[in-house]
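This report walks through selected features of one protein structure. Please look at the sequence and the model before reading on.

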Amino acid sequence: MLPDGWERKTVSDICILQNGNGFKPHQWDTKGLPIIRIQNLNGSSNFNYFSGKPLEKWLVNPGQILFAWAGSKGVSFGPFIWNGPQGVLNQHIFKVFSKGKVDKNWLYLILRSITDKIEGQAHGFKATLVHVKKQDIDTQVVNLPPLPEQKKIAAILSTWDRAIEGTEKLLANSQQQKKALMQQLLTGKKRLPGFTGEWKKTTIGNIAKEISIRNKNRKNYPVISCTKTKGFVDSLSFFNKKVYSDDLSGYKIISRNQIGFPSNHIEEGSIGLQNIHDDAIVSPIYTVFSMGKNADPLFVFAVLKTDHYRQIFAAATNSSVDRRGSLRWSAFSQIKINLPSPPEQKAIAAVLTTADEEITAIESDLSRLRQEKKALMQQLLTGKRRVTVD
DNA sequence: CGTATAGAACCCCGGATTCC
DNA sequence: GGAATCCGGGGTTCTATACG
């Protein structure tokens, strides 16, 4: 079962966990050493500072392995390698020191690999915020390979990390390019070959018509929601729960290629093109509209998604009483839009769709890489698959 | 009916206190 | 004095609903 030369060890055999200090608010300052809190492990650079004389055991230098034993499940809980500035450690976080013949990089990986299990032991009065006992970490059992093999395993997995980083960069590039493309094509700053005609200055009300059909006969349409980043999604999968209301007769019907947005929150950017069902229903608060024959839904939607229009929406909604925004069709329909000829709209939309497809392809590459790395990591760390050490 | 406001769910957190 | 537990909050982002 256990490979030759490997040993069964508990976490307390291979490392020492040393708690951070509970800094009190009156010790906070605006200068001095940053106090490293859980949120800082997860990318936040929102620091309090400690300007007194720090004890040695509080100090954290870059490269130090830390372990957050409280935090959000699957997000801020678990091991992190500190790559921020030198600082002092807040409570709820351990400093992790390797013990004996244990490689630091391997140690990080093995801790990462058992994080789910440790999270499973969590207690706490809310499911999203977990706390574990030191003991629950210390008593976890791991398979410890000889030092050279630890190093080899860590090295192999770091090459995967580099591949993933490379793909992430590729993705960021493509997204950047698409943004630039949108900036150029949707404003008419740059024209696709073969198109010359003047763009028509008009308003949304002139090219689209509000649709306000209630689901009076209570048809069993899927209920969908418009989220900021994903556009329309099925409410059931989005909320992981049932839809709030039992009576869906007041909901509005939205058909394929129509655009909708929750009219009291468009400043958040949640506006979507309905492209997941032939017919579906949305909350009564939504405004739904369909394009006239001279306006291409894909083109119009792409325009409405640009930063420029997001700002227009924000300006129109910020004036409302509680600053939570509301933008009704009467005001929305007056927003100006420049429209090229239908063939040019289609051509531009096609270019953007191609860019989207490229991005989707890279995204799926990325998720495949991550998946494969995870599987490999599992095999290497348990000894199910061996590496050759020279 | 449209609109403004209320309410609900979710996400990401951590200081303070008690226990041993 | 370190470990464990107690105890909610601010912000966001969605839907529900009361009221004209």
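## Two packed helices

At what angle do helix α9 and helix α12 pack, and how far apart are their axes? The model is a predicted one. In it, helix α9, residues 297-304, packs against helix α12, residues 342-382, at an angle of about 65°. Their axes are 8 Å apart. The crossing of α9 past α12 is left-handed.

On the α9 side, the contact is made by Leu298, Phe299 and Ala302. On the α12 side, Gln345, Ile348, Ala349, Leu352 and Thr353 take part. Six of the residues in this contact are nonpolar and two are polar, while none is charged.

How many of the eight residues of α9 are buried? Seven of them are, so α9 counts as mostly covered. The buried residues of α9 are Pro297, Phe299, Val300, Phe301, Ala302, Val303 and Leu304.

Aspartate 296 sits in the loop between β23 (286-291) and α9. Is aspartate 296 buried or exposed? Its relative accessibility is 12%, so aspartate 296 counts as buried. Leaving aside residues up to four places away in sequence, aspartate 296 touches Met291, Gln345, Lys346 and Ala349.

## The region annotated in UniProt

An unreviewed UniProt entry lists residues 352-386 as a "coiled-coil region". What does the model show over residues 352-386? The chain there is 89% helix and 0% strand.

## Aromatic pairs

A search of the whole structure finds 15 aromatic pairs. One of the pairs joins tryptophan 199 and phenylalanine 299 in an edge-to-face arrangement, with 6.2 Å from centre to centre and 70° between the planes. Which parts does the pair of tryptophan 199 and phenylalanine 299 tie together? Tryptophan 199 lies in the loop between α6 (147-185) and β15 (200-203), and phenylalanine 299 lies in helix α9, so the pair links parts that are 100 residues apart in sequence. Both tryptophan 199 and phenylalanine 299 are buried.

Tyrosine 309 and phenylalanine 313 form a tilted pair, 6.4 Å centre to centre and with 55° between the planes. What separates tyrosine 309 from phenylalanine 313 along helix α10? They are four residues apart in helix α10 (residues 307-318), and therefore about one helical turn separates them. An α-helix has 3.6 residues a turn, so residues three or four places apart point the same way. Tyrosine 309 counts as buried because its relative accessibility is 8%, and phenylalanine 313 is buried with a relative accessible area of 1%. Ring pairs also link tyrosine 309 and phenylalanine 313 into a cluster with Phe261, Phe289, Trp329 and Phe332.

## Residues in loops

Which loop holds asparagine 90? Asparagine 90 is found between β10 and β11. Its relative accessibility is 14%, so asparagine 90 counts as buried. Not counting residues up to four places away in sequence, asparagine 90 touches Gly20, Asn21, Gly22, Phe23, Ile35, Ile36 and Arg37. Histidine 92 is also found in the loop between β10 (87-89) and β11 (93-98). Although histidine 92 is not a glycine, it has a positive phi of about 75°. Histidine 92 is partly exposed, with a relative accessible area of 24%.

Asparagine 257 has a positive phi of about 70°, and it too is not a glycine. The loop that holds asparagine 257 runs between β19 and β20 (259-262). With a relative accessible area of 38%, asparagine 257 is partly exposed. Tyrosine 251 lies in the loop between α8 (235-239) and β19 (252-255). Tyrosine 251 is buried, and its relative accessible area is 9%. How far apart in space are tyrosine 251 and lysine 216? They are 8.2 Å apart, C-alpha to C-alpha, and 35 residues apart in sequence.

Note on methods:
Residues numbered from 1 in each chain as written. Chains lettered and ligands numbered in written order. Predicted model: local features only at pLDDT ≥ 70, side-chain atom pairs only at ≥ 80, totals over all residues. Heavy atoms only, no water. UniProt positions renumbered as here; feature names shortened; annotations may be inferred. Axes fitted to C-alpha atoms, helices over the stretch in contact; angles between N-to-C directions. Left-handed = near helix turned anticlockwise from the far one by under 90°. Contact = heavy atoms within 4.5 Å. Nonpolar A, V, L, I, M, F, W, Y, C, P; charged D, E, K, R; others polar. Phe/Tyr/Trp six-rings, centres within 6.5 Å; stacked < 30°, edge-to-face > 60°. Buried < 20%, exposed > 50% of the residue type's maximum accessible area, 1.4 Å probe, protein only.
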